[in-house]
Amino acid sequence: MQAEFRTAHPDDLDALVSIENASFRTDLISRKALRRMIASARADVLVAHSGGQIIAYSVVLYRKGSARARLYSIASVGPRGIGRALLDEAEKRAAARGAKSLYLEVREDNARAILSYERNGYARFGVRANYYADGATALRYQKQLIATERMRK
């Protein structure tokens, strides 16, 4: 299945909340927070869609004056491979905005996600105990991004 990527808009909220609820048991992003991120100039909310349906999303956050971007969330209800393609697209867009690296936190018990990040060039650089609401530990990963031509706004 091929997917296309685009920036999210407010009409996507129902689909984003549905994907969030299907993907995570704890630490869910609220509808209000998703709405704020879609409207924020310091966030890229990217959706993957296929056949008229949104099947995945990512959120990358930016801090003024920082060359590091943060992959805040990524989730998919689509077929295998969509998450990786979405991650690649999010990395390209972050690099185009001037980010030199992308970092993230992932649950220590999420072996599948950890393996995926490591296969995609992310290196572990830290640990945060008691990071998640249920007390789970987060592993911190980072990837250096390849500079690309800046995206036009």
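## About the model

The structure is a predicted model, in which local features need pLDDT of at least 70, side-chain atom pairs count only at pLDDT 80 or more, and totals for chains, interfaces and linings use all residues. Residues are numbered from 1 along each chain as its sequence is written, and side-chain values use heavy atoms, with hydrogens and water left out.

## The overall fold

Let's start with the big picture. The chain has four helices and seven strands; these are DSSP runs, with helices being H or I of at least four residues and strands being E of at least two, numbered from the N terminus. In sequence order the pattern reads β-α-α-β-β-β-α-β-α-β-β. The chain is as compact as a globular protein of its length, because its radius of gyration of 15 Å is close to the 15 Å that the globule rule gives for 153 residues. That radius is taken over C-alpha atoms, and the rule is 2.2 Å times the number of residues to the power 0.38. Along the principal axes, the C-alpha trace spans about 40 × 35 × 30 Å.

Of the 153 residues, 44% count as buried (buried is under 20% relative accessible area, exposed is over 50%, and partly exposed lies in between, with a 1.4 Å probe and protein chains only). Contacts here are heavy atoms within 4.5 Å. Among contacts between residues at least 6 apart in sequence, 60% join residues at least 24 apart.

## Glutamate 105 and its arginine partners

Glutamate 105 sits in strand β5, residues 101-107, and is buried at 13% relative accessible area. The side chain of glutamate 105 makes polar contacts with the side chains of arginine 70 (2.9 Å) and arginine 140 (3.4 Å). A polar contact is a pair of N or O atoms within 3.5 Å; within protein, one must be able to donate a hydrogen and the other to accept it, and residues adjacent in sequence count only if both atoms are side-chain atoms. Not counting residues up to four places away in sequence, glutamate 105 also touches residues including Arg128, Tyr131 and Tyr132.

Arginine 140 belongs to strand β7, residues 138-144. Leaving aside neighbours within four places in sequence, the contacts of arginine 140 include Arg68, Tyr103, Phe125 and Arg128.

Leucine 102 is another residue of strand β5. Is leucine 102 buried or exposed? With 0% relative accessibility, leucine 102 counts as buried. Beyond residues up to four places away in sequence, leucine 102 touches Val60, Leu71, Tyr122 and Leu145, among others.

Arginine 68 lies in strand β4, residues 68-76, and is partly exposed at 32% relative accessible area. From C-alpha to C-alpha, arginine 68 and leucine 102 are 5.8 Å apart in space and 34 residues apart in sequence. The side chains of arginine 68 and glutamine 142 are joined by a polar contact of 3.4 Å. Not counting residues up to four places away in sequence, arginine 68 touches Ser101, Tyr103, Phe125, Arg140 and Gln142.
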